[in-house]
Amino acid sequence: MSGEDAPAQQQNAEEQKQQQQAQEETKTPAESPKTESKPDPPPTSASTEAAADTPAPAAEKAPEEDTFSYRALVLTGYGGYDKVKLQVKKGKPALKSGEVMVRVKMCGLNFADLMARQGLYDRLPSPPVTPGMECSGIIEAVGEDVTDRKVGDKVLVLNRSGMWQEVVVVATTHTFLMPEGMSFEEAAALPVNYITAYLMLFDFGHLRPNQSVLIHMAAGGVGIAATQLCKTVNDVTVFGTASASKHEVISQGGVTHPIDYRTRDYVEEIRKISPKGLDIVLDPLGGSDTHKGFNLLKPMGKLISYGAANMLAGQKKSLFAVAKTWYQQFSVHTLSLIQGNRSVCGFHLGYLDSETELIAQAMAVVVDLYRQGKIKPRIDSTYHLEQVGDAMRRMQERSNIGKIILTTEPMKEEEKKEEAKKDEEKKKDDKKKDDKKKDDKKKDDTKKEEKKKEEAKKDDKKAEEKKEEAKKEEN
């Protein structure tokens with residue numbers, strides 16, 4: 001039907017005739033509620049409202065809901081990059097009271113997503129599940145009781161999970177209006193990194209002028225956010241660890257003393273410059289680096305642990321297991337905490353999702369700093385959803401300088417062909433490398449075997465010589 005509430009009787013009869021003809025041609029019974037066994041009575045002016053309540057209009061919505069589809073990245077199981085697959089979801093998401101539906105433009109990639117893929121992130125539901133804690137987009141629909149958002153609003157979104165898809169439904173309290181001039185890439189890069197950095201530095205750290213801060217992984221998303229926020233306070237000295245190739249960028253961004261952790265002992269380097277120690281250490285690494293950071297603190301200093309990046313390349317433990325081990329280690333040294341007048345804090349944004357007021361207050365400050373031009377997310381690179389494996393690999397190998405973004409814009413056919421070509425070439429290169437490794441191993445094994453035979457011959461020869469000497473002595 002055309003959607004009119006009261007069509008003419010003649011039009012109604014013609015439609016019924018057309019439907020009957022269609023049924024006869026297909027030789028199947030009509031399935032649509034538009035053609036029930038009892039035809040609708042001819043509408044009159046008095047029955048117009050009643051006609052609107054009949055099943056016919058409800059049937060009009062059904063095709064839209066059935067045909068509504070959107071792409072989503074789904075974690076199908078724990079393991080490698082191939083465990084995150086691009087799938088198509090069907091059916092229009094239902095809106096509850098206080099919720100909005102957002103058409104996603106960009107998504108943010110975080111270390112928590114890498115840990116989730118390996119089964120190390122307790123806040124993500126079990127697979128199959130859509131990862132992603134942040135995104136940006138445009139509100140497409142609003143539920144009941146939503147008064148502070150409207151269709152067409154550009155928003156950034158912060159949620160526990162489920163953001164890596166083209167359409168998301170979230171509580172309006174998890175959305176924040178984008179300031180004028182902010183791009184969708186910047187909006188997707190802002191929530192997790194800047195809220196994390198802000199709450200650590202100012203709520204836990206109480207950062208003040210003339211203090212010193214150590215920022216590990218200073219070229220990453222949180223590292224750059226923390227550096228920019230440190231520069232909003234007068235005379236703060238920032239030590240930042242990063243590979244040498246990233247020093248120029250982080251120095252321009254505000255790091256006072258960049259340190260190459262791969263070739264230098266950052267503890268010794270910091271002690272040379274700041275013998276008394278540091279006021280704040282932001283620790284996303286865990287393990288032995290946590291102990292090193294703690295020992296770098298000056299009296300009244302604070303170490304804030306907010307991750308376990310060292311785990312990604314090593315042992316697999318849940319965050320709960322890490323926290324338990326960490327607590328046990330430091331519980332033994334409670335006396336040193338007291339005598340040293342130092343403190344240790346733990347922070348994880350994923351466990352603050354219920355603290356909507358706290359997050360909203362921090363977001364308001366961060367957005368205002370953006371408006372003033374004091375902070376600005378640095379975008380390292382943007383990948384299509386189809387390239388999520390490459391995006392995760394770039395972050396896990398720590399090749400990025402700034403935020404890695406996923407765009408929901410589909411890849412063009414030319415790009416897909418180019419991507420397939422690259423994948424094929426990469427497979428060939430990987431096969432060559434594997435073959436070379438196998439050949440090298442065979443050669444090494446052959447050399448070892450020959451060496452063993454040579455040594456065995458030498459041993460046999462020595463044994464024979466000893467026997468000869470023994471015979472001579474007997475004679």
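This report describes the nonpolar cores, the strands and sheets, the aromatic pairs and some backbone features of a predicted model.

## Nonpolar cores

The largest nonpolar core contains 88 residues. Leu190, Val213, Leu282 and Leu406 are the residues with the most contacts inside this core. Helix H6, which covers residues 191–204, supplies the largest share, eight residues. Residues of this core come from both domain 1 (69–189) and domain 2 (193–376), so the core lies between the two domains.

Leu190 is one of the residues with the most contacts in the core. Setting aside residues up to four places away in sequence, Leu190 touches Glu134, Leu156, Met182, Ile195, Met363, Val366, Val367, Ile375 and Pro377.

## The six-stranded sheet

Six strands form an open sheet in the order E10-E9-E8-E11-E12-E13, and their pairing is parallel. The edges are taken by strand E10 (257–259) and strand E13 (343–346); each has a single partner strand, so one side of each has no neighbour in the sheet. From one strand to the next the twist averages 15 degrees.

Within this sheet, strand E8 (residues 212–215) and strand E11 (residues 278–283) run parallel and are joined by three bridges. Val213 is opposite Ile280 in E11. Val213 also belongs to the group with the most contacts inside the largest core. Helix H10 (residues 288–295) lies across E11, strand E12 (297–305) and E13, and its direction makes an angle of about 155 degrees with E12.

All five residues of strand E15 (residues 403–407) are buried, so the strand is largely enclosed by the rest of the structure. In a regular strand, side chains alternate between the two faces of the sheet. In E15, Lys403, Ile405 and Thr407 point one way, while Ile404 and Leu406 point the other way. Both sets are buried.

E15 pairs with E3 in the antiparallel sense over three bridges, and Gly108 stands opposite Ile405 in E15. Strand E14 (residues 379–384) runs parallel to E15 and is joined to it by five bridges. In that pairing Tyr383 is opposite Leu406.

## Met106 in strand E3

Met106 is part of strand E3, residues 99–108. Its relative accessible area is 11%, under the 20% limit, so Met106 counts as buried. Which residues is Met106 in contact with, leaving aside its neighbours within four places in sequence? They are Cys135, Ser136, Phe184, Glu185, Ala188, Ile405, Leu406 and Thr407. Of these, Ile405, Leu406 and Thr407 are residues of E15. Met106 and Cys135 are separated by 29 residues in sequence, with their C-alpha atoms 5.5 Å apart in space.

## Aromatic pairs

Three aromatic pairs are found in the whole structure. In one of them, the ring centres of Phe68 and Tyr70 are 6.1 Å apart and the planes stand at 65 degrees, so the pair is edge-to-face. Phe68 is buried at 12% relative accessible area, and Tyr70 is buried at 9%.

Another pair is made by Tyr198 and Phe202, with ring centres 5.0 Å apart and planes at 40 degrees, so this pair is tilted. The two residues are four places apart in helix H6, which separates them by about one helical turn. Tyr198 has a relative accessible area of 16% and is buried, whereas Phe202, at 21%, counts as partly exposed.

## Backbone features

Most residues other than glycine have a negative phi, and most peptide bonds are trans. The bond that joins Pro127 and Pro128 is cis, with omega at about 0 degrees. Pro128 lies in the loop between helix H4 (111–117) and strand E4 (134–142).

Met217 is not a glycine but has a positive phi of about 50 degrees. Met217 sits in the loop between E8 and helix H7 (221–230) and is buried, with a relative accessible area of 19%. Asp235, also not a glycine, has a positive phi of about 55 degrees. The place of Asp235 is the loop between H7 and strand E9 (237–241). At 57% relative accessibility, Asp235 counts as exposed.

Terms used:
Residues are numbered from 1 along each chain as its sequence is written. This is a predicted model: local features need pLDDT of at least 70, side-chain atom pairs count only at pLDDT 80 or more; totals for chains, interfaces and linings use all residues. Side-chain values use heavy atoms; hydrogens and water are left out. A nonpolar core is a set of buried Ala, Val, Leu, Ile, Met, Phe, Trp, Tyr and Cys residues joined through side-chain atoms within 4.5 Å. Buried means under 20% relative accessible area, exposed over 50%, partly exposed in between (1.4 Å probe, protein chains only). Domain bounds come from an automatic or database domain assignment. Contact means heavy atoms within 4.5 Å. Two strands pair if DSSP finds at least two bridges between them. Axes are lines fitted to C-alpha atoms, for helices over the stretch in contact, and angles run from 0 to 180 degrees between N-to-C directions. Rings of Phe, Tyr and Trp (its six-membered ring) pair if their centres lie within 6.5 Å; planes under 30 degrees apart count as stacked, over 60 as edge-to-face and the rest as tilted.
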